[in-house]
Amino acid sequence: MSDFVSGYWSWFITVPTVAGIVWLLFFTRSQSKSGSTDGETTGHVWDEDLQEYNNPLPLWWRNLFYLTIAFGVVYLALYPGLGSFPGLLGWTSKGEYEDEVRAADAQFGPIYADFLQQDLEKVAANKDALRIGERLFVNYCASCHGSDARGSRGFPNLRDTEWMYGGDPKAIETTILNGRQGVMPAWEIPLGGQDGVNAMAEYVLQLSGREYDAQLAAIGKEKYPQLCIGCHGPEAKGNPAIGAPDLTNNIWLHGGSRQSIRETIGAGRMGRMPAHKDFLGEAKVHLLAAYVASLTGDYETFSDER
Ligand code: HEC
Ligand code: HEC
């Protein structure tokens, strides 16, 4: 509670709080002393004959009221609440969170450490490990890749067979540990404007086996070796070292409509997968990598893709 820029704000909270409690006690004391109005009406009348009497509150009610005040005073003495006063117990929400994390680490740490010693292949075949991996995935990855890991526009599907950065378990682990950044430059100017972009989009459609305009695609094809080959490769199969995707499989990260492809080529795209090494630690990432590797179902077939 030492986040205040000056002591003023601490007093700004403390003084009205304490004054409020003192005032409440004082006010109720003077009320209960002046019992002289007992049995008299306040003069308020509703619905013709419904009168309000000025009777004292029942004793149990008043005691309950004093009890809540006593609770408040004790609470404010023990826990942080009065400005920057930390409370006699020294409790903080951060400290409580850290205690929980420490307890969880003590409980699960040895289990994680055990899996960390094993090959990813072995971990990916262990049902218990995959269950932990799934929980971790839902907590830390689902916000971007979806709880079913099927991704969305700009966030890759982790269940399909296309891997921008390589789909063998080791490559997946590297991706999660260190993060990745994929940069597709904008080509509108090098392609000579929107017509050039549209022609290139037709060629990309042709590459992925879709319907295309043959005349325009031929124009795009001419430019491919000069502008695109360096990253997407001579056969447009992509390059996992820089995350350039395969353009021949009709699987799209940024949308496969003619319009989306034109936008991708014209304006470029950028995707960033954050690094998780420091945030989660190697043991959790190991379990996550095994889980993600297991998602395509047939673990054996994709390890030598591309
Ligand atoms: C400097 C390397 C580089 C060059 C050169 C390059 N690209 Fe890309 N391209 C990428 C990367 C990296 C991505 C993935 C972007 C991401 O991570 O979001 C990409 C993505 C794409 C996509 C989107 C694929 C999808 O699944 O949505 C298309 C289409 C594409 N590039 C076409 C082209 C064309 C056509 C050219 C030549 C005019 C070209 N690229 C030149 C690196 C490159
Ligand atoms: C802030 C959003 C975000 C979070 C959180 C995130 N990712 Fe990603 N991830 C991405 C993006 C964006 C890409 C694609 C990077 C690119 O376009 O180059 C990606 C790429 C990947 C890839 C590479 C896919 C391929 O085709 O090679 C894997 C594997 C992956 N993420 C796994 C995970 C796991 C496991 C987690 C949880 C620990 C996670 N991601 C958390 C945004 C995220």
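**Close-up views of a predicted model**

**View 1. The iron atom of ligand 2 sits between a histidine and a methionine.** His145 (NE2) and Met273 (SD) coordinate the iron atom of ligand 2, at 2.0 to 2.1 Å. Donors here are N, O and S atoms within 2.8 Å of the metal (3.2 Å for Na, K and Ca), and water is not among the atoms, so sites may look incomplete. The two residues come from distant parts of the chain: His145 belongs to helix 6 (residues 142-145) and Met273 to strand 4 (residues 269-273), 128 residues apart. Helices (H or I, at least four residues) and strands (E, at least two) are DSSP runs, numbered from the N terminus. The site counts as octahedral because its six donor atoms subtend angles of 89 to 180 degrees around the iron. For that label, six donors need opposite ones over 155 degrees apart and all others between 65 and 115. Ideal angles for six octahedral donors are 90 or 180 degrees.

A word on what you're looking at: this is a predicted model, in which local features need pLDDT of at least 70 and side-chain atom pairs count only at pLDDT 80 or more, while totals for chains, interfaces and linings use all residues. Residues are numbered from 1 along each chain as its sequence is written, chains are lettered from A and ligands numbered from 1 in the order in which they are written, and side-chain values use heavy atoms, with hydrogens and water left out.

**View 2. The shell around ligand 2 holds 24 residues.** Cys141, Cys144, His145, Tyr165 and Met273 come nearest; a residue joins the shell if one of its heavy atoms lies within 4 Å of the ligand. Look for Tyr165, which has a polar side-chain atom 2.5 Å from an oxygen atom of ligand 2. Met164 takes part through its backbone, with a polar atom 2.8 Å from an oxygen atom of ligand 2. Polar contacts like these are pairs of N or O atoms within 3.5 Å; within protein, one must be able to donate a hydrogen and the other to accept it, and residues adjacent in sequence count only if both atoms are side-chain atoms. Helix 6, helix 7, strand 4 and helix 13 each give two or more residues to this shell. His145 counts as buried because its relative accessibility is 10% (buried is under 20% relative accessible area, exposed over 50%, partly exposed in between, with a 1.4 Å probe and protein chains only).

**View 3. Ligand 1 has its own iron atom, held by Met184 (SD) and His232 (NE2).** Both residues coordinate the iron at 2.0 to 2.1 Å. Met184 lies in strand 3 (residues 180-184) and His232 in helix 10 (residues 229-232), so the pair ties together parts that are 48 residues apart in sequence. His232 is buried at a relative accessible area of 11%, whereas Met184 is partly exposed at 22%.

**View 4. Around ligand 1 there are 25 residues.** The closest are Met184, Cys228, Cys231, His232 and His254. His254 places a polar side-chain atom 2.7 Å from an oxygen atom of ligand 1, and a backbone N or O atom of Leu253 is 2.7 Å from an oxygen atom of the ligand. Strand 3 gives the most to this shell, with three residues.

**View 5. The largest nonpolar core brings together 26 residues.** Phe137, Leu158, Ile172, Leu287, Leu288 and Val292 touch the most other members. A nonpolar core is a set of buried Ala, Val, Leu, Ile, Met, Phe, Trp, Tyr and Cys residues joined through side-chain atoms within 4.5 Å. Helix 13 supplies the largest share, nine residues. Leaving aside neighbours within four places in sequence, Leu288 is in contact (heavy atoms within 4.5 Å) with Gly133, Leu136, Phe137, Cys141, Ile176 and Leu280. Another core, of 16 residues, lies apart from this one and includes Met200, Ala201, Leu227 and Leu247.

**View 6. Glu173 is a buried residue in helix 7.** Its relative accessible area is 6%. Beyond residues up to four places away in sequence, Glu173 touches Leu120, Val285, His286 and Ala289.

**View 7. Ala149 and Asn250 both have a positive phi.** Most residues other than glycine have a negative phi. Ala149 has a phi of about 65 degrees and sits in the loop between helix 6 and helix 7, buried at 0% relative accessible area. Asn250, with phi near 60 degrees, is in the loop between helix 10 and helix 11 and is partly exposed at 35%.

Note on methods
Four donors count as tetrahedral if all angles lie between 85 and 135 degrees; four count as square planar and six as octahedral if opposite donors are over 155 degrees apart and all others between 65 and 115; anything else is irregular.
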